[in-house]
Amino acid sequence: MNAAQETATLVALVAAFVLSSLFALVRERRGVRGFGRGFAVIMALAAVAMTVLQSVEFQMEPGGIAMGPMVANRHAAYVDKLTFEAKYLCSVVSSVLFLGAVLFTPSVPLVRLRMSRIFLMQALVFSLVEVQRVTNFLLIGALLILVCIGEARHYSQSLRADERREVRGNAFVRYQWVALAAIFVCLGLRVLARIGVAEANPALQAVDLGMLCVASAVVVGLFPFHGWVVPFLGAPRSTIFLPLLCLEMGMLFFFRLYAPIVTQYMSHSYLLMIVPVAGLIYSALLFFGEQRLKRIPGCLYLSHVSLMALSASGFESMGITTSMIDGVNVLLAVLGLLGVCSLLTARFGVRGVLAPSGLGARFPELAVCYLVCVLSLVGFPGTLGFIEEEVALGQGLEHHAFLVGVVAMALTLNGFSGFRLFARIFYGQPLEGGDPETALSFRERVVIISIVALIILNGVAPRLLVRSLTDFAS
């Protein structure tokens, strides 16, 4: 498959999701209610098939899993070009996540689901994977952020009886407006560069790079721009499309903008290493004192993105490569944890994700899924998340020995907290009496088992993930 065919395949996939968005919009305008799972499953399976076939036919040189140089010379923002050899890995993972979210969604969601926006957001995510010019990436990213803001507000306004204000997305909206402001500054500087005003101005170029880092850090949720992550991921939902798509967008901003900029221009800045370390310690302490199930995905996500930022800023290409593999692990594990929360929310409401107990006897599949996902996110040996921790500790001993103790302490705290919360949530007195109607359906069991199998399989044989998605040469 040549470059033109590869691009045409992804463009066709984007077009299919845009048309699906229009079709869903027509149904919504006509007042047609219902999820429409059958059509969504067909689109998800088609996306998985197309992206997997595309990745199988893609050839890559050894070591090519990490992205190539973002630009051709040191004036990053004004060459306006970035390359991304791992786009096939991202497109496959995004398709799998979309299929998982479709299967997790209950037949009658608590909030009316606007699939027109969901299909549009998925199309924009695929576009972010493929686009090569920084300006186009920022334009598509800004549009995706605006749609995410609209959906967050829609969900908050849909539950007017939410007296505890558990589902409010105000923090998420405020932070995303900061990201949009940074993106608009970058786009304005590119306009000035086109007319020759900012091209030779080092100060404006530095501002541009700084704004790109700020926008990326906010969208990803890196410390100290992390304030939206835990409340947003912890909002009780019976559908998980919105948080998953936001996390995918964050990963793309991280690997396509933040990591290349940090590696090429700021790799020797100790400030960019101290900040992720602070985020790692903060998230470990936050997780250590946590009691509510709904906040666990956000705490562990914060921990891992801090570790990924530390790897990118301190370990250069090796750090980016392992972080990219860990990004797959984070998305799969967070999918599993959000899925557990959504299934409990659909059955028991908000109290199902606050401080439940005794779930192991009634929902053993949820217990296994929770345990495997948490173990992977705390870097337990034999899981996919162990790779990132191993490289961080190994490279830290070689380059930054003072970081090893801090990283080890944070990971140890995360492991202790994970086991403590597992015992608290899945043992003890059940939440309420047994009811056959609340049992997991066959569809829900299948998606849970699939997530667990993917995490364990890729943890035991991580090269299989790389080889199957990118034809990576050993």
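How many of the 16 residues of α5 are buried? I looked, and 14 of the 16 are, so helix α5 is mostly covered, where buried means under 20% relative accessible area, exposed over 50% and partly exposed in between, with a 1.4 Å probe and protein chains only.

A note on what I am reading: this is a predicted model, in which local features need pLDDT of at least 70, side-chain atom pairs count only at pLDDT 80 or more, and totals for chains, interfaces and linings use all residues. Residues are numbered from 1 along each chain as its sequence is written, and side-chain values use heavy atoms, with hydrogens and water left out.

Next, aromatic pairs. I count rings of Phe, Tyr and Trp (its six-membered ring) as a pair if their centres lie within 6.5 Å; planes under 30 degrees apart are stacked, over 60 edge-to-face and the rest tilted. The whole structure gave me 19 aromatic pairs. Phe 17 and Phe 119 have ring centres 6.0 Å apart and planes at 55°, so I logged the pair as tilted. Phe 17 is in helix α1 and Phe 119 in helix α5, so this pair ties together parts 102 residues apart in sequence. I found both Phe 17 and Phe 119 buried. For Phe 254 and Tyr 258, the centres are 5.5 Å apart and the planes at 25°, so that pair is stacked.

Last, cysteines. Taking a disulfide as a pair of cysteine sulfur atoms within 2.5 Å, I got a count of zero. Cys 373 has its nearest cysteine sulfur, that of Cys 369, 4.0 Å away. I also noted that Cys 373 is buried, at a relative accessible area of 0%.

Key. Helices (H or I, at least four residues) and strands (E, at least two) are DSSP runs, numbered from the N terminus.
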